[in-house]
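Okay, thanks for coming, everyone.

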Amino acid sequence: MPRRRTSALVTALALAGAVPLFMPAGEASAAACSSYPAWSAGANYNTGDIVRYTDGKAYIAEHPNPGYDPLISTWYWDPYACDGGSGTPVGNFVVSEAQFNQMFPGRNSFYTYSGLTAALSAYPGFANTGSDTTKKQEAAAFLANVGHETGGLVHIVEQNTANYPHYCDGSRPYGCPAGNDAYYGRGPMQLSWNYNYKAAGDALGINLLNNPWLVQNDSAVAWKTALWYWNTQSGPGSMTGHNAMVNGAGFGQTIRSINGSVECDGKNPAQVQSRVTKYQQFSQILGVSPGGNLYC
């Protein structure tokens, strides 16, 4: 069973991501920023209120507040996507660009919607199996997990550089041709270890063992490695993330397949809660119930 490294993000990031976003369920597209009322210092705002700040960008109230400044009081406000992206999903994908932008308003520009949709052809069954509800639940589950792994699609590479030399398993016959410190976590699922780069590359027809840097330089390749793990690897769990969602096992089993040996069974409930909260948020954006069995 392949070893899976602990998420590179600190608990503080996980907890920061555990605050619910209150967005309209199933909204087809993001509204224009200009359509929201201007923020007013001293005005009373309730959770879910959306305002247009002086910089022209929109912010959503995470907690009731008496008109605190969105750029200063970030516990009370979160950026809210608007003026961004088409409301029409690409191909058969159940998530539109506007919904993707709502999920990740502060993401790194490397993690593009076009990169994600370009990667879908590698695993055509992903978010395209079963009922419309199942398809949307799987998309929400995948995006919630990668959002957790990367701090909201912010980090491209593992942040703890001290770990970099640890991901070369020298007992493998193919070794570590790119260097002993070249197989650190990268991409939406933070792919790590030389044997995972080898397996993912073989499955995708890309020589990632010799050129692991492709995962941090090519958005479509990065997304493909995340989809490879989601669709083919059970990690410390008993099923893949894809099978967990399409067979009704529930979101909790996707956590187990990604980092269950470190987080599940009471080992790190804060990390588990962070993933569950994101999944609930993203399910709401897609207009579906998250279903049961959310925890592991």
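Before I point at anything, one term: when I say polar contact, I mean a pair of N or O atoms within 3.5 Å; within protein, one has to be able to donate a hydrogen and the other to accept it, and residues adjacent in sequence count only if both atoms are side-chain atoms. Also, this is a predicted model, so local features need pLDDT of at least 70, side-chain atom pairs count only at pLDDT 80 or more, and totals for chains, interfaces and linings use all residues. Residues are numbered from 1 along each chain as its sequence is written, and side-chain values use heavy atoms, with hydrogens and water left out.

Let's start with His-148. The His-148 side chain makes a polar contact of 2.6 Å with the side chain of Gln-271, and another of 3.0 Å with the side chain of Ser-274. Where does His-148 sit? It's in helix H4, residues 132–149; helices here are DSSP runs of H or I, at least four residues, strands are runs of E, at least two, and both are numbered from the N terminus.

Is His-148 buried or exposed? It counts as buried, because its relative accessibility is 3%. The cut-offs are under 20% relative accessible area for buried, over 50% for exposed, and partly exposed in between, with a 1.4 Å probe and protein chains only.

Now helix H10, which covers residues 269–286. H10 has 18 residues, and 13 of them are buried, so by the buried definition it's mostly covered. From first C-alpha to last it reaches 26 Å, close to the expected 26 Å; that expectation is 1.5 Å times one less than the number of residues.

Zooming out, we've got 10 helices and 3 strands, and 52% of the 296 residues count as buried.

What about the inside? A nonpolar core is a set of buried Ala, Val, Leu, Ile, Met, Phe, Trp, Tyr and Cys residues joined through side-chain atoms within 4.5 Å. The largest one has 62 residues, and those touching the most other members include Phe-93, Phe-142 and Trp-223. Among the elements giving two or more residues to this core are H4, helix H7 (219–232) and H10. H7 gives the most, with 8 residues. Apart from that core lies another, of 7 residues, including Tyr-45 and Trp-77.

That's the tour; over to you.
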